[in-house]
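Please load the model in your viewer and keep the selection tool at hand. The stops below follow one another as a tour.

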Amino acid sequence: TEEQDLLGKKILITAGPTAEAIDPVRFITNHSSGKMGYALAEAASKRGADVTLIAGPTKLAPPIGVNLISIRSTLDMYAAVMKHFPEQDIVIKSAAVADYRPENIADKKIKKEEGNLTLTLARNPDILAELGKIKENKVLVGFAAETNNVIEYAKEKIIKKNLDFIVANDITEEGAGFATDTNIVYLIDKKGDVRKVDKATKLEIAHNILNKTKEFLK
Ligand code: C5P
């Protein structure tokens, strides 16, 4: 049994990809498996936290004791996050949110015709940046998946989105990134502290992330 060091704390975690509908049978998504966010939910729940997990489509079973809210699109995730944000102590946004969605969702299956089809994409809201604008007395944690300049981009995001810290990983490294059971991350905080967590299981990384949130809890 784990130490109940997060007993009574309310934690909101987002996980997985989003799915942006094109028509009733097609959608745009990404390679996120949801494993990192589900590991965070499991670790936080075992440490006594009251966990709300807002997740896009994944193949994973929700951890025991966690309040799972399943969504598909970024707009759905945005609405669910905003609804549950006010009562939280900690918010960790590990979801791989789509930056764009089809501007119009066709209500009938799009039939193929001669030539090309052009799809216009509309910008989705940046949920995390919106939270950063309204946060008061909450620990706000973001994720950053990069292929280059990992630390530099992470530091820019901390400022731009008003985060306490960011979990950054180089998805080109062996044993890091989307569908793997392990990850290699940097925990980079708003004070400029940079700490590398060497290759470990996503559950172990989750515990490191939760330990770091405690530095920022009031
Ligand atoms: O800017 P970038 O997408 O790299 O930032 C990643 C972080 O921002 C993640 O924590 C992700 O969940 C969050 N995000 C979001 N809404 C978006 C895009 C990203 O909350 N539309």
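**Stop 1: Lysine 157**

Select lysine 157, which touches Ala144, Glu146, Asn162, Leu163 and Ile166, residues up to four places away in sequence not being counted; contact here means heavy atoms within 4.5 Å. This is a predicted model, in which local features need pLDDT of at least 70, side-chain atom pairs count only at pLDDT 80 or more, and totals for chains, interfaces and linings use all residues. Residues are numbered from 1 along each chain as its sequence is written, and side-chain values use heavy atoms, with hydrogens and water left out.

Lysine 157 belongs to helix α4 (residues 150-161); helices (H or I, at least four residues) and strands (E, at least two) are DSSP runs numbered from the N terminus. Its relative accessible area of 24% makes lysine 157 partly exposed, given that buried means under 20%, exposed over 50% and partly exposed in between (1.4 Å probe, protein chains only).

**Stop 2: The annotated set**

Next, select Asp99, Lys109, Pro125, Asp126, Ile127, Leu128, Phe143, Lys157 and Lys161, where an unreviewed UniProt entry places the feature "binding site". UniProt positions are in the numbering used here, feature names are shortened, and annotations may be inferred rather than shown by experiment. The set spans 63 residues in sequence and its farthest two C-alpha atoms are 38.4 Å apart, so these residues do not all gather at one spot.

**Stop 3: Proline 125**

Proline 125 sits in the loop between β8 (121-123) and α3 (127-134). With 23% relative accessibility, proline 125 counts as partly exposed. Display Thr74, Leu75, Tyr78 and Arg101 as well: proline 125 touches them, not counting residues up to four places away in sequence.

**Stop 4: Serine 94**

Move to the loop between β6 (90-93) and β7 (100-102), where serine 94 lies. Is serine 94 buried or exposed? At 13% relative accessibility, serine 94 counts as buried. Its contacts, leaving aside neighbours within four places in sequence, are Ile13, Thr14, Ala15, Gly37, Leu40 and Phe143. The side chain of serine 94 also reaches the backbone oxygen of threonine 14 at 2.5 Å.

**Stop 5: Strand β1**

Finally, select strand β1 (residues 10-15): five of its six residues are buried, so β1 is largely enclosed by the rest of the structure. Strands β1 and β4 (residues 50-55) run parallel and are joined by six bridges; two strands pair if DSSP finds at least two bridges between them. Isoleucine 13 has leucine 53 as its bridge partner in β4. With β6, β1 pairs in the parallel sense over four bridges, and leucine 12 stands opposite valine 91 of β6.

Technical notes
Polar contact = N/O pair within 3.5 Å; in protein donor to acceptor, adjacent residues only side chain to side chain.
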